[in-house]
Amino acid sequence: MQNMLTILTSVFRGSLSKNVRISFKVVVSARTYADFTPQASFDIKKCELHRLEQGPPGEAVLTREDGLRYYRAMQTMRRMELKADQLYKQKIIRGFCHLYDGQEACAVGIEAGVNPTDHLITAYRAHGYTYTRGISVKEILAELTGRKGGVAKGKGGSMHMYAKHFYGGNGIVGAQVPLGAGVALACQYQGNNQICVTLYGDGAANQGQIFESFNMAALWKLPCIFICENNKYGMGTSVERASASTDYYKRGDFIPGLRVDGMDVLCVREATKFAADYCRSGKGPILMELQTYRYHGHSMSDPGVSYRTREEIQEVRSKSDPISMLKDRMISTNMASVEEIKEMDVEIRKEVEEAAQFATSDPEPPLEDLCNHIFYNEPPMEVRGTNPWTKLKSIS
């Protein structure tokens, strides 16, 4: 706007005599909330069903408020993971690090379909769920860099972050599934009408403990949604090479199942609502397979292109990206403007940059804290051969 005024002033000064004074007004139109469509309905991909006569609806209603909230959450996750990628390559984040970019619609859609008081446990690709469960970007990145301001005080790292009703990531493949069944048993025992969302990946889907958990949950009719996030590849191999059956939504056999488009936040939300209602009705567990995609490799040590092509990744990005899909829907139905989305993107980038600054400047936890927070109550004298009151010295 300032540039326009300068140009106009120069033009007038050059074409008019000094004795002539001219005034002009520039009218700027601003869109108000009333200019936008408050809500719209969208056709969504129908779920494939197993042992179910009826599934989630084929249409979803999206309000402007929810749409903006979903967009902000997914874009924040995306920027946070890209920043984690950068910090890892700078060797500021060390150890294991499994990024979630590409799968944002799963986390945001699931959270939109359950209550904050419901419980959730996942595998080690956990940064996205840590954020949707209420932990700030600052605390997540600080945990990744091992700083005392991290959500686990810098002692858990990428795979061990926790929040209220969130039991974190788990570093052992598939080990969180029986734990999730146990949380669901607690919900049933307490009669609080809560459920547990138990997530695992396609790479863990052949673990024996998962089928044991299915069996117990079905016998006891536990209020548990078992969710397989099928991102097409396990640790360096495709699902077709790893599983005799890739119909993961049918792998519960006696447990009803849904196969869901995991790249569409509305599909995931509607399927999760359906599954949550099923569990709360006392019918027992239900299984969901979310067909999604990860843009990064399995972990930061995996380039991700030795078992798939760069062209394949780019095609998914261009045709099925969950953030672009939501943005296009909102703009095409006049639920949001391009300028509004861009402004939000700028805010998110700023938030992530400030969080990264904190994560690289906050001090590491002091050495004397090493033996703290191991036990809930007073620790015994010996902790695996280490006396917690012994003065520790760093030899690094």
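**Close-up views of a predicted model**

**View 1. Surroundings of Gln194.** Leaving aside residues up to four places away in sequence, Gln194 touches Thr117, Asp118, His119, Cys187, Pro223 and Arg280. The model is predicted. Gln194 sits in the loop between helix H6 (176-190) and strand E5 (196-201). Its side chain makes a polar contact of 2.6 Å with the side chain of His119. Gln194 counts as buried because its relative accessibility is 17%, and buried means under 20%.

**View 2. Strand E8 and its partners.** Strand E6 (residues 224-230) runs parallel to E8 and is joined to it by 6 bridges. In this pairing, Asn230 stands opposite Gln291 of E8. Strand E7 (residues 257-261) also runs parallel to E8, with 5 bridges between them. Here Leu258 stands opposite Met288 of E8. Met288 is also among the residues with the most contacts inside the largest nonpolar core.

View 3. Helix H12 comprises the 24 residues 338-361. At 1.5 Å a residue the helix should span 34 Å, and its end C-alpha atoms are 35 Å apart, which agrees. The buried residues of H12 are Glu340, Ile341, Met344, Asp345, Ile348, Val352, Ala355, Ala356 and Ala359. These buried residues pack against helix H2 (64-89), helix H5 (137-144) and helix H11 (322-332).

**View 4. Leu141 and the nonpolar cores.** With residues up to four places away in sequence not counted, Leu141 touches Met80, Lys83, Ala84, Val352, Ala355, Ala356 and Ala359. The largest nonpolar core has 70 residues, and those with the most contacts inside it are Ile110, Tyr129, Leu141, Ile225, Val260 and Met288.

**View 5. The whole chain, for orientation.** The secondary structure of the protein chain amounts to 12 helices and 8 strands. Of its 396 residues, 49% count as buried. Among contacts with a separation of 6 or more, 72% are between residues 24 or more positions apart. The chain exposes about 20,600 Å², of which carbon and sulfur atoms supply 52%.

Key: Residues are numbered from 1 along each chain as its sequence is written. This is a predicted model: local features need pLDDT of at least 70, side-chain atom pairs count only at pLDDT 80 or more; totals for chains, interfaces and linings use all residues. Side-chain values use heavy atoms; hydrogens and water are left out. A nonpolar core is a set of buried Ala, Val, Leu, Ile, Met, Phe, Trp, Tyr and Cys residues joined through side-chain atoms within 4.5 Å. Buried means under 20% relative accessible area, exposed over 50%, partly exposed in between (1.4 Å probe, protein chains only). Contact means heavy atoms within 4.5 Å. Helices (H or I, at least four residues) and strands (E, at least two) are DSSP runs, numbered from the N terminus. Accessible areas come from the Shrake-Rupley method with a 1.4 Å probe; for residues, only the protein chains shown count as cover. The expected span of a helix is 1.5 Å times one less than its number of residues. A polar contact is a pair of N or O atoms within 3.5 Å; within protein, one must be able to donate a hydrogen and the other to accept it, and residues adjacent in sequence count only if both atoms are side-chain atoms. Two strands pair if DSSP finds at least two bridges between them.
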